[in-house]
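This briefing goes through selected parts of one structure, topic by topic. Please keep the sequence and the 3D view at hand while reading.

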Amino acid sequence: MTPPPTQEPVGDALTKVTASLPGGGEDRPGQRRMAEAVEEALVEHHHLIVQAGTGTGKSLAYLVPSALLGKPVVVATATKALQEQLASRDLPLVASALGDVVVAVLKGRTNYLCRQRTAELEERGFQASLAEDGESGPAGERLVPQLQRLISFERSTASGDRADLPEAVSDRAWSMVSVSARECPGKFSCPQGERCFTEMARAHAAEADVIVINLHLLGAHLASGGQVLPDYGAVVIDEVHELEEVMTQSLGVELTANRFRTIASSSRSLLKGESPKAQATAVADAGEGLGLTLAEHDEGEELHLSQAENLATSLTLCDAALRGLLAELRKLPEDEPAGPRAVSAATRALEDVGRLRGASDDEVLWVSGPKSARSLNLSPIDVSAALKEGLFGASPVVMTSATVPLGIERRLGLDEEEVKALDVGSPFDFRRQSILYVPTDLGDRRAEGAEERIAEEISALINAAGGRTLALFTSRRALNEAADRVANQVTHPLLVQGASTNRALIEDFRDHEDACLFATMGMWQGLDIQGPSLSLVTIDRLPFGRPDDPLLEARRRRAGSGAFMSVDVPRAATLLAQGVGRLIRSGTDRGVVAVLDDRLAKAGYRNALLNALPDMKRSIDRLEVLSFLREIAAEAD
Ligand code: SF4
């Protein structure tokens, strides 16, 4: 880490940094207020939540005080896009304006090539390793050239980071040269620990002033009791609206038949003799049994072990099989290089089976995935206690988002007096630049012909806008149905999610002003299209969670009679605000957000949703909206 810089007022430092931007030195009062509040929180050791609307320039508002702190600051983001923006654009700008600021990007272990795995791969040979992994035949043959490239990469790379591969490889090939945290025995038990790429990245991060990570790595740090990140003086969390969900995943457990298969196959090659090898087979069989039991249940079903006898029996068999295998693995000679990795994978699986068997009333047990590859999941209903202890108790935490969910403090485990809140608004004039349109005559969504009416409405809006549309849907089924119908009613190119990679679709959409992108909620976040390529966002319905979502259902039960307003509405409001936020990305953007769900105009709870949105002009008048869109299209042509 660099020595603490001579402290200069954060406002002056921010001016220095922004001076090098195009339109240099433009004063943004919201950005300045945010930077001062972040500095105060970091220096005076308190937590802060900042709502910073689009256009604030919030990343520089937290990076500048972080770089000046003189202690390492961890900056965690939800999306890869933002992580890349910080690492490749914002932090180099801060570093060059403020002098020496050491920056590190730290990723999860699966992003780095594992030298122990490549050593095992080379020692056993590709064919034997592929056969062991169940990849013999043509599929295995196709992997060979990729594995050869990965071995060459291991010899030439300084980082081992998958993102630095000169030529991309399939996920399957990468999985044969990487390990998850649960398989890795750790630096001191691994024969390759001294040369490990992950460990080198961690050592570099330990020297940095600003360490950029994603929320999943922060979750892994908390789940491991603080074993993943180097010591730090503060944490900044951007896209904090994702924090609760990511922590729920990170602090939970997931078990699949495939996990048992992998443990069995990598152990079998290490064990000598029929009886020890039979223990590996028993683990694979126990995993298959678990998979078959889970296939008897529906995707998304919540389970209670006391009522699911077959599942309880399956887990007991998994437990016994893993214990038997571990007993054999522990007999391996100490100099068996692959031993520690096999022991670690089996031990973590045994721990997870234990957690699933001992699920408490504060956790939900549920089934996910297709019938052929079901997962058994355990998720905490409430992550507040874990965050309070592992995150908020350790250092000041600054949290920010363009849309901070209602009541987030309580759900994260913060008392009101423990955290300061600030809303710096947005520099954009939403009333002048945009209209929020809610048609009120589309009729009941469950009535016959409803889908046809929705498609007609979307088509009329697209035709008025001259394409330039992002059509967002709350389900894949609704997306496909609308895309088929709209395709017959418009002449503009439709880019439909699933037809190509998301990245290719977004690039096409950005490059073709008359194109329309049809996407589901997965693409709502982080899409940043400025200028004439986007002047219309349609949202097919309010994004309420499914009634049968097991985790939401558990949270609703816990919240009691007020569950709709305290669980469902804040969640829908945040998602809706994220979708609406795709429209106006610069001071010159103009356009319409059409929410094709009249509950936003009529329902008693509508104000809770509207309050989460920017202050746009509101309209239920189709003619007014069509004419506004035509005017924007005419200006763009
Ligand atoms: S410590 Fe060993 S097993 Fe773990 S990631 Fe590094 S090289 Fe792989």
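Strand β10 (residues 397-401) is mostly covered, as five of its five residues are buried; buried means under 20% relative accessible area, with exposed over 50% and partly exposed in between (1.4 Å probe, protein chains only). This is a predicted model, in which local features need pLDDT of at least 70 and side-chain atom pairs count only at pLDDT 80 or more, while totals for chains, interfaces and linings use all residues. Residues are numbered from 1 along each chain as its sequence is written, and side-chain values use heavy atoms, leaving out hydrogens and water. Helices (H or I, at least four residues) and strands (E, at least two) are DSSP runs, numbered from the N terminus.

**Strand β10 and its partners**
- V397, M399 and S401 point one way from β10, V398 and T400 point the other way, and all are buried.
- Strand β1 (residues 47-52) pairs with β10 in the parallel sense over four bridges; two strands pair if DSSP finds at least two bridges between them.
- In that pairing, L48 stands opposite V398 of β10.
- Strand β5 (residues 234-238) also pairs with β10 in the parallel sense over four bridges, and I237 stands opposite M399.

**The seven-stranded sheet**
- An open sheet of seven strands runs in the order β14-β15-β13-β16-β17-β12-β18, with parallel pairing.
- Its edge strands are β14 and β18 (617-619), each of which pairs on one side only.
- Strands β13 (residues 469-473) and β15 (residues 516-520) pair over five bridges in the parallel sense, with A471 having F518 of β15 as its bridge partner.
- Helix α20 lies across β13, β14 and β15, at about 160° to β15; axes are lines fitted to C-alpha atoms, for helices over the stretch in contact, and angles run from 0 to 180 degrees between N-to-C directions.

**Residue H492**
- H492 lies in the loop between α20 (476-487) and β14 (494-496).
- H492 is buried, with a relative accessible area of 17%.
- Leaving aside neighbours within four places in sequence, H492 is in contact (heavy atoms within 4.5 Å) with I462, N463, G466, G467, D514 and C516.

**Helices α13 and α14**
- Helix α13 (residues 274-295) and helix α14 (residues 309-329) pack at an angle of about 160°, with their axes 8 Å apart.
- That angle makes α13 roughly antiparallel to α14, where under 35 degrees counts as roughly parallel, over 145 as roughly antiparallel, 65 to 115 as roughly perpendicular and the rest as oblique.
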